Amino acid sequence: HRFGCLSVSARLSRSSVQSSFSTMGDAIQIVLMGQGGVGKTAMTLRYTTGEFNEQYLPTIGDMYTKDVEVAGAPRHIQIDDTAGQEAYADLRSEKLGTGDGYLLVYSITDDTTFAKLDRLREEIIKAQVAKGKKAPPILLIGTKADLEDDRAVSAVERAAKGREWGD
């Protein structure tokens with residue numbers, strides 16, 4: 001299988017991303033959230049190391065780092081890969097207000113993983129506001145694009161949610 005990821009479906013202007021990160025220290029904290037088995041760890045390993053592991057690796061929580069360029073300046077990002085299993089919901093809740101940005105991940109082959117993201121997004125925004133912060137950038141990511149024949153979430157549904165979240 002090849003690793004595939006759908007296009008990000010949230011409207012973020014370059015200026016909003018720049019302003020979100022312009023006052024931060026050296027590291028940008030990105031938090032990955034979604035149900036277990038959607039491919040958060042596989043996606044993160046692919047991005048940070050260039051490698052892809054087809055085996056499911058249940059995660060309690062791992063931190064990955066990568067040096068990137070943001071708005072023309074070198075930055076260090078920390079990617080917090082959270083547990084997706086319900087047994088670790090308390091650990092996941094601790095991450096709700098900690099990120100500078102969030103990637104909410106679902107599998108295109110499982111509509112349940114897609115449906116649960118609205119609540120998670122609301123919880124993130126609520127936690128950020130409770131800490132006196134504005135709502136962070138939140139991106140919608142669909143994985144397992146190589147399994148198109150098993151698709152359960154249509155591109156139309158994904159685009160509609162992206163438009164809804166972008167408002």
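I began with arginine 151, which counts as partly exposed because its relative accessibility is 24%, the class lying between buried (under 20% relative accessible area) and exposed (over 50%), with a 1.4 Å probe and protein chains only. Before going on I noted that this is a predicted model, in which local features need pLDDT of at least 70 and side-chain atom pairs count only at pLDDT 80 or more, while totals for chains, interfaces and linings use all residues. I also noted that residues are numbered from 1 along each chain as its sequence is written, and that side-chain values use heavy atoms, with hydrogens and water left out.

**Entry on salt bridges**

I looked up the salt bridges, taking one to be a side-chain nitrogen of Lys or Arg within 4 Å of a carboxyl oxygen of Asp or Glu, and found that the structure holds three.

Arginine 151 has glutamate 148 as its partner, with 2.9 Å between the closest N and O atoms, and glutamate 148 is partly exposed at 44% relative accessibility.

I then turned to aspartate 118 and lysine 161, whose side chains meet in a salt bridge at 2.6 Å, N to O. This pair links distant parts of the chain, 43 residues apart, with aspartate 118 in helix α5 (residues 117-130) and lysine 161 in helix α6 (residues 155-166); helices here are DSSP runs of H or I with at least four residues, strands are runs of E with at least two, and both are numbered from the N terminus. Aspartate 118 is partly exposed at 23% relative accessibility, whereas lysine 161, at 8%, counts as buried.

For arginine 119 I found a salt bridge with glutamate 123, the closest N and O atoms being 3.2 Å apart, and I noted that both residues lie in helix α5, four residues apart, or about one turn of the helix. Arginine 119 counts as exposed at 61% relative accessibility, while glutamate 123 is partly exposed with a relative accessible area of 26%.

**Entry on strand β5**

I next checked strand β5 (residues 138-143), where six of the six residues are buried, so the strand is largely enclosed by the rest of the structure. Looking at each face separately, I found Ile138, Leu140 and Gly142 buried on one side, and Leu139, Ile141 and Thr143 buried on the other.

Finally I looked up the pairing of β5, for which DSSP must find at least two bridges between two strands, and saw that β5 pairs with strand β4 (residues 101-107) in the parallel sense over six bridges. Within this pairing I recorded that serine 107 stands opposite threonine 143 in β5.
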